[in-house]
Amino acid sequence: MVKHRRKYDDSFKKEAVNLCRQTEKPVKEIADELGISKDLLYRWIKKAEQEEKNGSASKETNKEVARLQKELAETKQERDILKKALSIFSKPPK
């Protein structure tokens, strides 16, 4: 007998995880209602928690990258101004 592995889309997984978080029901009961194994549901919950944890870290990283890009742009602008000033003052007087 060949078992076919079922695939679930991301929206189904998210809804299942949200259902676990929002209700007082045990995970096993929710898994039975959805027709999936409790182990699979536990994996989805764990993965969602990891993604949320990494998501907050990546938001902080994105903020830092944006701050550094702004600082770099300002530094380049200052450098260009100094280059122009240097070229003006290094010309011999007429």
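Mentor: One definition to start: Lys and Arg count as positive, Asp and Glu as negative, and His and the chain ends are left out. Also keep in mind that this is a predicted model.

Trainee: Okay. How many positive and negative side chains does the protein have?
Mentor: There are 24 positive and 17 negative ones. The centres of the two sets lie 8 Å apart.

Trainee: And the fold? How many helices and strands are there?
Mentor: Three helices and zero strands. The order from the N terminus is α-α-α.

Trainee: Is the protein spread out or compact?
Mentor: Spread out, compared with a compact globule. The globule rule gives 12 Å for 94 residues, but the radius of gyration here is 28 Å, well over that, so the protein is more spread out.

Trainee: What does the C-alpha trace span along its principal axes?
Mentor: About 95 × 35 × 15 Å.

Trainee: How much of the protein is buried?
Mentor: Buried residues are 13% of the 94. The accessible surface is about 8800 Å², and carbon and sulfur atoms hold 55% of that.

Trainee: Which residues make up the largest nonpolar core?
Mentor: It has 12 residues, among them Ala16, Cys20, Val27, Ile30, Leu41 and Trp44. Helix H1 (10–22), helix H2 (27–34) and helix H3 (38–89) each give two or more residues to this core.

Trainee: Which helix gives the most?
Mentor: H3, with five residues.

Trainee: Let's zoom in on leucine 41. What is it in contact with, beyond its neighbours within four places in sequence?
Mentor: Leucine 41 is in contact with Ala16, Cys20, Val27, Ile30, Ala31 and Ile36.

Trainee: New topic, aspartate 10. Where does it lie?
Mentor: In helix H1.

Trainee: Is aspartate 10 buried or exposed?
Mentor: Exposed, because its relative accessibility is 53% and the cut-off for exposed is over 50%.

Trainee: How far is aspartate 10 from glutamate 49, and what is separated in the chain?
Mentor: Their C-alpha atoms are separated by 15 Å. Along the chain, the two are 39 residues apart.

Terms used
Residues numbered from 1 in each chain as written. Predicted model: local features only at pLDDT ≥ 70, side-chain atom pairs only at ≥ 80, totals over all residues. Heavy atoms only, no water. Helix = DSSP H or I, 4+ residues; strand = E, 2+ residues; numbered from the N terminus. Rg over C-alpha atoms; globule rule 2.2 N^0.38 Å. Buried < 20%, exposed > 50% of the residue type's maximum accessible area, 1.4 Å probe, protein only. Areas by Shrake-Rupley, 256 points an atom, 1.4 Å probe, with all protein chains shown as cover. Charge placed at Lys NZ, Arg CZ, Asp CG, Glu CD. Core = buried A, V, L, I, M, F, W, Y, C linked by side-chain atoms within 4.5 Å. Contact = heavy atoms within 4.5 Å.
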